[in-house]
Amino acid sequence: MMNFLSGNEAIAAGAYEFGVSFAAGYPGTPSTEILETISQYPEIDSQWAVNEKVALDVAIGASLGGIRSLAAMKHVGLNVASDTLMTLSYTGVHAGLIVVTVDDPNMNSSQNEQDNRNYAKFAKIPLLEPSDSQEAKDFIRLALRISESFDTPVLLRLTARVAHSKTVVKINPKTRKVKRMNPCDGDSAKYVMIPSNAKKRRIFVDQRSDRLKRFSDKTPVNRIEWGEKNFGIITSGISYHYTMEVCPDQSILKLGMTYPLPTEKIKEFTKALKNVYVIEELDPFLQEQLGSMGIKTTGKEVFPSTGELSPDIICRGLSKKGFQKTITTRRKWPFRAPLLCAGCSYLGLFYILKKLGMIVLGDIGCYSLCAQPPLSALHTCISMGSGIGIAQGYKKALKQNGQKKKVIAVIGDSTFIHSGITPLIDLIYNKEPVSVIILDNGGTAMTGCQGHPGTGITLKNGESPKVNYEQLVKSLGIKRVIEMNSYNLGEVRTIIKKESVCQKPSVIIAKGLCLLVAKGNQYESFKIIPSRCTKCGECLLLSCPAIAMGRNQYPRIDEKLCTGCSLCQQICMVQAIEETQGVQKIC
Amino acid sequence: MSKKSVNILFAGVGGQGVLLASEIVARVFLKSGYDVKTSALHGIAQRGGTILSHVRGGEKIYSPLIPHGAVDIIIGMELSETARQAWKIKKGGCILYIDRQIPSNRQNKTARYSAKSLKNIIREKSPKFMEISYAESVNLLKNEKILNLFILGRLSNYFTLPQRKWIETIEQLIPFHMKERNIFAFEAGQKIS
């Protein structure tokens, strides 16, 4: 049967068809839909993990217990799981184990554009790069085969374009091949990586790499498509389809397995051709390996190493043997920046933080958008949970410089559980008077409000015990734990002002439900009364998408966007904002 | 560049139903026996950012991204987003757009282009443009959330594909309680002259 699937959905279809029985991950664009789609198969035990490392650890456990398993994450998520991954390479696996990483060239929804193919080389594990949804599905089968016959985790790397493009896929909805193995019990030489065992396994890893190299030469996913021989192209992933769009008649070496590389096939291909181009997104991962084999190619000399490629960029690279490094746009368009939702609980809170002139150290989440003007109230966003640690160090430096300013760390509820608890313990242990605001909006909002241990909702919409933030942080040794309602700006202002002069560490739990969770709630929208409005523009500083400059420089509230949160009414100094009559629903 | 393919580019803003409209077209092409690829990045753009969706149908499609200058039809749901993409249109291609403007920076009016200048950019790139009035459409439909299906109805007139396939696909992809008004919008769109 033919279906029309995104790369992420195809991974899920493959997991079902080829007998993956356990899957875990942490939500993160562009990988979120892998787990969301897998969760629709009752045959697969699937779950959100608190973070990517735990997801991989649980998947390893499932593999050791004898079932095929998969862990899926976005590219930066693999950094979190990399501690486990590097040694997992030594231990190998019992039942097949796949690590799926989805990279984000061009940083459409990410803080960096690291090329995770480097992890395969770093960890000495095989790497597969599907180029469309059909391959994404087929490569699950191949990955499981490699994993089980070579005793290794397999890194399956997609890019956002492959993950989010939809292409035609052959699926067999009724076939599912489950292979059950007896649990592995007590092979300590293989799974206990104390130095004496690890040294032996390290030798195994090199032997495995040699065998994988030979496999890479044999596998049909690395194939030569002979054509015109004036020049040839070596490519992988989405770049293959861009290349086929531009020059379908040229000789192409299409690589599906890009680590280790098929050395014999590469030699056969390059010997027959005078000029060889390597077309790959991001790092010169293939080109450098070819270079170390003594094969000279043209790659990053003419194709950019940042952002996504496209048929047009490839065309330019091939024709001019050069590309313009500066981004040229035809017109200086006003950039359409992503915005916080109208009525988001973060709007008022960050408005107050800005008004009070706080130094706000944050990290990844919807609140990253608070760094944009006019709020401009967030001063760092580096990695998950890093705001708390950074705040501690910043405070130390302020002290040495003789400044008494209070430093605030902000962290979302899901991010707090992902990696905010350990830096909070460190903060208490090292006694820095930093205030940490946990932005509890009842979900992993940025990726579509997935549940997490703080909400007690599981991936399959089941219920679990909810983490009690207050009890948790009190037990860590924080004496000042304050809960506040983010929609009550009077309360927010009083609490933050008080904490900003108190020289003790504190945790403020800011409650305000994400509007994606609050869907269907009733409200009355607001309007601005022009006769009372003084055009001071204060309400615009809230940066609520529902409030815009209207005629004659009077701000105007868009009734259709307004969610009746009342934040603008609370900050209006001349009481010019009133509720309208008539109940509506958040949709 | 591959021949014998139809390339449609949807441009709009998060929340306008661009992805649903492009999914419907793709599935109708698929049902009609063509190879199909679509591409749209989503995520952070959900929150009011630019949405761009490529739909390609034909005998054999390689790149999910439409090469510049190969776009047959641009479906513009918002003026500045349409004008932003207008230069990608093929010579002789058609831009079908709604004359609606959603400011990209609501706080700052000076950062906006006038509707007139945006329309001029569009018309210059595509003399075969077709403009749909936002005010009139909303007046007719009484609901701006189904504008995507309305414009899709007009788009369907460009192809000689059976009506049944369009309706079937819409029924498959749209929840039951919203089906009726979406089909109404689609059929109303087909009647735009």
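Two strands pair if DSSP finds at least two bridges between them. Helices (H or I, at least four residues) and strands (E, at least two) are themselves DSSP runs, numbered from the N terminus. On those terms, strand E1 (residues 5-13) of chain B and strand E3 (residues 50-58) of chain B run antiparallel, joined by nine bridges. Within that pair, B:Phe10 faces B:Ser53 of E3(B).

This is a predicted model: local features need pLDDT of at least 70, side-chain atom pairs count only at pLDDT 80 or more, and totals for chains, interfaces and linings use all residues. Residues are numbered from 1 along each chain as its sequence is written, while chains are lettered from A and ligands numbered from 1 in the order in which they are written.

The E1(B)-E3(B) pair belongs to an open sheet of eight strands that draws on both chains. Its order is E1(A)-E8(A)-E2(B)-E3(B)-E1(B)-E4(B)-E5(B)-E6(B), and the pairing is mixed. Strand E1 (2-6) of chain A and strand E6 (130-132) of chain B stand at the edges; each has a single partner strand, so one side of each lacks a neighbour in the sheet. From one strand to the next, the twist averages 20°. Strands of a sheet pair through backbone hydrogen bonds, either parallel or antiparallel.

E1(A) pairs with E8(A) in the antiparallel sense, over five bridges. There A:Asn3 has A:Val169 of E8(A) as its bridge partner. Then the sheet crosses between chains. E8(A) and E2(B) are antiparallel too, with two bridges. A:Lys166 stands opposite B:Thr38 in E2(B).

Helices cover this sheet. Two residues are in contact if their C-beta atoms, placed from the backbone, lie within 7 Å. Axes are lines fitted to C-alpha atoms, for helices over the stretch in contact, and angles run from 0 to 180 degrees between N-to-C directions. Helix H1 (residues 18-31) of chain B lies across E1 and E8 of chain A, together with E1, strand E2 (35-39) and E3 of chain B. The direction of H1(B) is at about 5° to E3(B).

Now take chain A as a whole. Its secondary structure comes to 20 helices and 23 strands. The radius of gyration (taken over C-alpha atoms) is 27 Å, close to the 25 Å of the globule rule (2.2 Å times the number of residues to the power 0.38) for 587 residues, so chain A is as compact as a globular protein of that length. Of those 587 residues, 52% count as buried (20 or more other C-beta atoms within 10 Å of the residue's own, with C-beta atoms placed from the backbone). Among contacts between residues at least 6 apart in sequence, 74% join residues at least 24 apart.

Chain A is divided into domain 1 (2-218), domain 2 (222-320), domain 3 (345-511) and domain 4 (522-585). These bounds come from an automatic or database domain assignment. The C-alpha centres of domains 2 and 3 lie 47 Å apart.

A second open sheet lies in chain A. Seven strands follow the order E3-E2-E4-E5-E7-E6-E12, with mixed pairing. Strand E3 (45-48) and E12 are its edge strands, each pairing on one side only. Strand E2 (residues 22-25) runs parallel to E3(A), joined by four bridges. In that pair, A:Ala23 stands opposite A:Ser46. H4(A) packs on the sheet, touching strand E4 (69-74) and strand E5 (97-103) of chain A.

Helix H4 (residues 75-91) of chain A includes A:Val76. Is A:Val76 buried or exposed? A:Val76 counts as buried, with 21 C-beta neighbours inside 10 Å. Beyond its neighbours within four places in sequence, A:Val76 has contacts that include A:Ser110, A:Gln114 and A:Ser383.

Helix H12 (residues 285-292) of chain A has A:Phe285, A:Leu286, A:Gln287 and A:Leu290 buried. Those residues pack against elements including helix H5 (117-123), strand E10 (228-236) and strand E12 (257-259) of chain A. Just after H12(A), A:Gly294 takes a positive phi of about 85°.

Finally, look at strand E16 (residues 407-412) of chain A. Six of its six residues are buried, so E16(A) is largely enclosed by the rest of the structure. In a regular strand the side chains alternate between the two faces of the sheet. Here A:Val407, A:Ala409 and A:Ile411 point one way, and A:Ile408, A:Val410 and A:Gly412 the other. Strand E14 (residues 359-362) of chain A runs parallel to E16(A), with three bridges. Strand E17 (residues 435-440) of chain A also pairs with E16(A) in the parallel sense, over five bridges. A:Ile408 is the bridge partner of A:Val360 and stands opposite A:Ser435 in E17(A).

Key. A residue is buried if 20 or more other C-beta atoms lie within 10 Å of its own, exposed if 12 or fewer, and partly exposed in between; C-beta atoms are placed from the backbone.
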